[in-house]
Amino acid sequence: MSAEPAGDGVPSRARIVIIGGGIGGASIAYHLAGMGEHEVVLLDRDELTSGSTFHSAGLVGQLRSDPTLTRMNMYSVDLYRELQRSQAPPSWVESGSIRLASSPARLQELRRQLAWARVFGLPMEEISTAKALEMFPLMSAEGVLGGVYLPSDGQIDPSQLCYSLAAGARAGGVVIAQHTRVLGIDVDRGRVTGVRTDRGSIEAEIVVNCGGIHAAEIGRLAGIRIPLVPMSHQYVVTEPMAGMPEPGGQILPSLRDPDLLVYYRQEGRGLLMGGYERNALPFTADLTHYDAVPSDFNAKLLPDDWERFAEIADNSAIRVPAMADARIRRLINGPEAFTPDNEFCLGQTEIDGFFVSAGFCAHGIAGAGGVGRLMAEWIVSGEPSMEVAHMDINRFGRQYSSPSYTLKRVLENYQTYYDIKYPGDERLAARPLRRSPAFGWHTEHGAVFGEKSGWERVNFYGGNAAGGDPGTKPNGWAGHHFSPAVSVEHRAAREAVAMFDESSFAKISVTGPDAAGFLEWVCDNKVARGVGRVTYTQMLNRRGGIEADVTVTRLGPESFWVVTGTAFGSRDGAWLRRQARAGGYDVQVTDVTGQYVCFAVWGPRARDLLAQLTPADLSGRAFGFMTSQEIPVGDIPLRAQRVTFVGELGWELYAPVEYGAALWELLWAAGEQFGVVAAGYRAIESLRLEKAYRVWGSDVTGETDPLAAGLGFCIDWDKPGGFLGLEALSVRRDAGLTRKLCCLTLDDPAMVVLGGEPVRVAGHLVGRVTSGGFGYTVGKSIAFAYLPSGAWAPGTQLEVDIFGEWVGGLVADDVLYDPSGAQIRA
């Protein structure tokens with residue numbers, strides 16, 4: 001059954017309505033049709049491609065630092081090849097691509113990218129400067145140190161691609177209504193029910209916002225904030241140039257020189273050249289207003305801005321000297337929607353049935369095929385088939401409701417688009433924003449802050465560096481932001497006592513008559529234990545993948561506390577609310593992060609420190625591991641939880657924020673006699689690696705299950721009523737593990753992984769590093785990776801590719817420090 005047409009040709013009812021006829025909307029429509037969805041309507045306010053699609057540069061590169069986006073882009077290439085053989089070919093040309101290094105640091109980055117390419121099976125190769133010059137004769141070799149070449153990259157006509165996808169969608173029964181403007185989105189009791197257009201209303205179960213530069217405006221029609229800003233993005237197209245290949249022959253590969261901020265591709269017998277200006281400019285957004293795209297801005301461009309383009313133009317002539325005298329046919333200045341973190345905005349919003357696919361950040365043509373397939377699967381099955389938490393629209397916290405905050409972050413993202421991202425680099429825009437009550441104390445004591453989800457978090461205290469070991473500095477990039485202070489803070493937690501400010505950890509309150517039953521359904525472990533019990537658990541999707549890795553504390557008969565990572569609170573809260581609505585549970589899910597501080601006191605002397613301040617019995621008998629109690633500490637009422645993320649005795653102390661500053665100062669004063677050290681998140685990372693504590697988003701994701709992740713001890717297989725994901729997990733258990741997460745140690749402690757590095761055994765590629773770092777207690781470089789069954793036995797010799805050098809190592813025991821857990825239960 002197809003969508004029902006109204007009298008004027010616009011359907012009055014459909015199962016799925018897609019708003020936006022650019023490359024994103026057309027791809028989703030194409031893939032929905034391919035999955036047998038016939039009640040689909042695609043709307044466009046003007047004509048197909050009249051948004052950002054028609055002025056896109058058309059470059060298709062596959063490799064990214066993110067595995068999911070790389071796989072999306074690889075699928076796009078496969079799809080474009082297939083479409084090129086169809087009756088509506090999109091002018092796909094597999095020209096290949098070259099990326100140059102004009103600095104030593106960039107050459108290192110390219111070699112790191114080569115390692116990623118091996119993991120994905122992409123045929124990327126390192127090429128010499130001479131080879132690059134042979135392949136792209138117009139370039140100057142001056143200052144070029146080398147490059148990489150990927151022959152399966154290419155270029156495509158964006159408009160023709162959109163029309164090709166639309167033709168496939170129409171053939172599958174999709175109704176495409178052009179010149180149809182959406183005026184409103186109807187929502188009833190938290191669920192979308194349809195759209196209102198200037199040609200009539202359409203009832204719908206699902207509405208997909210593919211509005212491109214209009215996506216934020218469309219989101220506001222439903223009361224949803226989509227934090228993207230259309231940015232002015234410019235490129236030029238030249239007249240024919242001497243030395244260009246003859247028509248009909250092999251065209252030049254695309255060329256990027258990120259050190260000069262420029263890219264090139266062949267356009268006829270001329271060049272298309274663009275880049276990312278340091279003096280970035282939004283379309284119409286400012287610090288007090290959301291972007292408001294004019295109602296008649298269809299198939300239009302912005303005025304030429306040669307003054308702002310001057311740096312790019314000058315740089316282009318450095319790498320391709322002929323650009324200095326080239327005749328310019330036209331300058332294209334078109335708005336492209338950018339997000340604050342350069343990741344797409346995908347998925348279902350807090351309104352059931354209202355999806356978003358927007359914020360393509362000028363690389364939407366490369367990702368469009370993969371995005372379309374992923375979104376179609378998400379819409380049909382209710383969850384994505386790949387790990388896309390970092391692209392999930394729900395990842396953005398409440399601060400992004402501010403046009404000021406959003407714009408500052410987007411501007412910084414655009415201006416640093418081609419910058420090398422070293423490990424430990426921190427964003428600078430819109431800081432400081434969210435601060436612990438102890439922020440002033442941290443500042444006075446030399447804290448070096450990092451930022452996550454708007455929170456200022458202590459990485460380490462510079463004043464601790466004097467007592468550290470500078471000899472533990474890793475080689476290469478891993479040592480870029482090294483401080484000996486981390487070793488001091490690490491040792492304090494292992495040998496005496498350390499204090500950590502974890503106030504940024506997200507805290508989600510789940511209350512109501514069905515709270516216990518609801519959490520039992522979404523958690524794989526038993527969490528509805530006695531009041532005061534703390535449970536470590538995972539929350540799974542229907543495929544058995546890990547959606548969240550959390551602790552759940554029972555505060556009362558109908559009251560629970562879920563604690564998750566700083567960056568995951570917004571998304572995890574939205575996911576929990578969606579599951580509650582889907583199951584009809586009578587619960588309230590509320591983010592209470594900002595209401596409470598969390599200070600951790602960890603180390604062998606932690607009990608001694610706290611005993612000076614509380615009448616509570618802190619013995620192991622009275623206050624056991626993984627339990628929670630309300631106790632006074634000094635004059636302050638708080639909740640103490642005996643948990644750890646560093647593998648030592650200790651407590652996390654949760655107090656209302658008004659007591660935060662006093663509590664921190666009280667703990668510090670009481671701890672001086674026990675050698676207390678204030679410590680930061682870099683030490684936590686080192687400590688957790690030695691204990692093999694997993695991190696969600698790298699070691700565990702929506703594509704990994706608890707069995708493979710070594711978290712099978714959390715699963716309550718016999719839980720009455722089961723749990724979400726049990727069926728899929730049971731199938732995996734019965735089939736037996738084929739891969740599992742393993743701890744690796746490298747032979748050279750100065751060679752430290754960053755994540756994503758290939759791992760090989762006996763010369764064969766077997767996996768990639770998920771996370772790693774240096775363990776100061778064990779004195780080893782540590783990494784984690786999923787390995788196949790023939791390679792996971794402890795003692796197995798292996799190699800890890802670190803910037804092109806294969807470094808030896810072995811599979812180690814999973815837990816390198818205190819494997820029995822005696823310290824945490826002391």
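Biologist: How many disulfides does a search of the whole structure find?

Modeller: A disulfide is a pair of cysteine sulfur atoms within 2.5 Å. When the whole structure is searched for such pairs, the number of disulfides found is zero.

Biologist: Let us also record how the values are to be read. This is a predicted model, in which local features need pLDDT of at least 70 and side-chain atom pairs count only at pLDDT 80 or more, while totals for chains, interfaces and linings use all residues. Residues are numbered from 1 along each chain as its sequence is written, and side-chain values use heavy atoms, with hydrogens and water left out. Which cysteine holds the sulfur closest to that of Cys 345?

Modeller: Cys 345 is buried, with a relative accessible area of 0%; buried means under 20%, exposed over 50%, and partly exposed in between, for a 1.4 Å probe and protein chains only. The closest cysteine sulfur is 7.6 Å from that of Cys 345, so it is too far for a bond. It belongs to Cys 361.

Biologist: Where does Cys 361 lie, and what is its phi?

Modeller: Cys 361 is in the loop between strand 21 (354-358) and helix 8. Helices (H or I, at least four residues) and strands (E, at least two) are DSSP runs, numbered from the N terminus. Cys 361 is buried, with a relative accessible area of 0%. Although Cys 361 is not a glycine, its phi is positive, at about 55 degrees.

Biologist: What is the phi of Leu 261?

Modeller: Leu 261 lies in the loop between strand 16 (254-257) and strand 17 (262-267). Leu 261 is buried, with a relative accessible area of 4%. Its phi is positive in a residue other than glycine, near 70 degrees.

Biologist: Is the peptide bond from Arg 431 to Pro 432 cis or trans, and what is its omega?

Modeller: Pro 432 is placed in the loop between helix 9 (403-415) and helix 10 (439-444). The peptide bond that joins Arg 431 to Pro 432 is cis, with omega near -10 degrees.

Biologist: Which residue caps the N-terminal end of helix 2?

Modeller: Helix 2 (residues 67-84) has 18 residues and spans 26 Å from its first C-alpha to its last. This is close to the 26 Å expected, a span defined as 1.5 Å times one less than the number of residues. At the N-terminal end, a side-chain oxygen lies 3.3 Å from the backbone nitrogen of Thr 68. That oxygen belongs to the cap, Asp 66.

Biologist: Which backbone oxygen lies 3.0 Å from a polar atom of the side chain of Thr 129?

Modeller: Thr 129 is found in helix 4 (residues 129-135) and is buried, with a relative accessible area of 17%. A polar contact is a pair of N or O atoms within 3.5 Å; within protein, one must be able to donate a hydrogen and the other to accept it, and residues adjacent in sequence count only if both atoms are side-chain atoms. A polar atom of the Thr 129 side chain lies 3.5 Å from the backbone nitrogen of Gly 146. The backbone oxygen at 3.0 Å is that of Val 144.
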